[in-house]
Amino acid sequence: MKLTTRELTVFSMLGALMYASKLLMELAPNIHLLGVFTIAFTVVYRKKALYPIYIYVLLNGILCGFATWWIPYLYVWTVLWGAVMLLPVRMPGFVRPFVYMAVCALHGFLFGTLYAPAQAILYGLDFKGMVSWIIAGLPWDFLHGVSNFFCGILIVPIITALGIAERNMGKNQ
């Protein structure tokens, strides 16, 4: 997965865009565009989408602190990336938005559950303690999933815009 200078620049900007979007939406808890961007970047860039995703994760650690909350970020976004990689590349046009919105929502609903194993290990929770932690976070996961579903409306337009930009950049080289 060797990168060209152009790809390095584009992926850096996309990772920074993810981080900036998170900052802009922090006033609304668990409502953000991170899942939207992760899905759109994965559809367009496939394996290379890991670059902007992990640039975002790294920026988060650098600018917010490499604390215990950050450790699950090393894998929770990769789970979403992996789920999108498993989807068929070619889907009927009318189905695509709903599939992407559903996957985005599912990741939001499961975010606390995905986050929990790392928290259990880091804080010495047993299985019962981990399940209690998940249950305590269910209202936030519900909000996260519902907001991801509605924010998911933006996935296909972002995919389209990235595709147009990629084609135009390819012509100018």
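Asn-148 is buried, with a relative accessible area of 1%, where buried denotes under 20% relative accessible area, exposed over 50%, and partly exposed the range in between (1.4 Å probe, protein chains only). The residue belongs to helix H7, which covers residues 138-151; helices (H or I, at least four residues) and strands (E, at least two) are DSSP runs numbered from the N terminus. Beyond the neighbours within four places in sequence, Asn-148 is in contact with His-32, Cys-104, Ala-105, His-107 and Gly-108, a contact being defined by heavy atoms within 4.5 Å. The C-alpha atoms of Asn-148 and Pro-72 are separated by 19 Å in space, and the two residues by 76 positions in sequence.

The model is predicted, and local features require pLDDT of at least 70, side-chain atom pairs count only at pLDDT 80 or more, and totals for chains, interfaces and linings use all residues. Residues are numbered from 1 along each chain as its sequence is written, and side-chain values use heavy atoms, with hydrogens and water left out.

Ser-147 is likewise located in helix H7 and is buried, at 9% relative accessibility. With neighbours within four places in sequence set aside, Ser-147 is in contact with Asn-30 and Ile-31. Asn-30 is situated in the loop between helix H1 (5-24) and helix H2 (34-45). Although not a glycine, Asn-30 has a positive phi of about 65°; its relative accessibility of 27% places it in the partly exposed class. A positive phi, of about 55°, is also found at Arg-46, which is not a glycine. Arg-46 is part of the loop between H2 and helix H3 (50-64) and is partly exposed, with a relative accessible area of 24%.

At the level of the whole chain, the protein contains eight helices and zero strands, and the order of elements from the N terminus is α-α-α-α-α-α-α-α. The radius of gyration is 17 Å, close to the 16 Å given by the globule rule for 173 residues, so the chain is as compact as a globular protein of that length; the radius is taken over C-alpha atoms, and the rule is 2.2 Å times the number of residues to the power 0.38. The C-alpha trace spans about 55 × 35 × 30 Å along its principal axes. Of the 173 residues, 38% are buried. Among contacts with a separation of 6 or more, 75% are accounted for by residues 24 or more positions apart.

The accessible surface of the protein chain amounts to about 9400 Å², and carbon and sulfur atoms contribute 75% of this area; accessible areas come from the Shrake-Rupley method with a 1.4 Å probe, and for residues only the protein chains shown count as cover. The chain carries 11 positive and 5 negative side chains, with the centres of the two sets 15 Å apart. Lys and Arg count as positive and Asp and Glu as negative, whereas His and the chain ends are not counted; each charge is placed at NZ of Lys, CZ of Arg, CG of Asp or CD of Glu.

The structure holds 15 aromatic pairs. The pair formed by Trp-69 and Tyr-73 is edge-to-face, with 5.5 Å centre to centre and 90° between the planes. Rings of Phe, Tyr and Trp (its six-membered ring) are paired if their centres lie within 6.5 Å, and planes under 30 degrees apart count as stacked, over 60 as edge-to-face and the rest as tilted. Trp-69 is partly exposed at 27% relative accessibility, whereas Tyr-73 is buried at 13%. Trp-77 and Phe-111 form a tilted pair, with 5.6 Å between centres and 50° between planes. Trp-77 lies in helix H4 (residues 73-86) and Phe-111 in helix H5, so this pair ties together parts that are 34 residues apart in sequence. Both Trp-77 and Phe-111 are buried. One aromatic cluster is formed by Tyr-56, Trp-69, Tyr-73, Trp-77, Phe-111, Tyr-115 and Trp-133.

Gln-119 is placed in helix H5 (residues 96-123) and is buried, with a relative accessible area of 8%. Apart from neighbours within four places in sequence, Gln-119 is in contact with Thr-68, Pro-72, Gly-124, Leu-125 and Trp-133. Among these partners, Trp-133 is also a member of the aromatic cluster.
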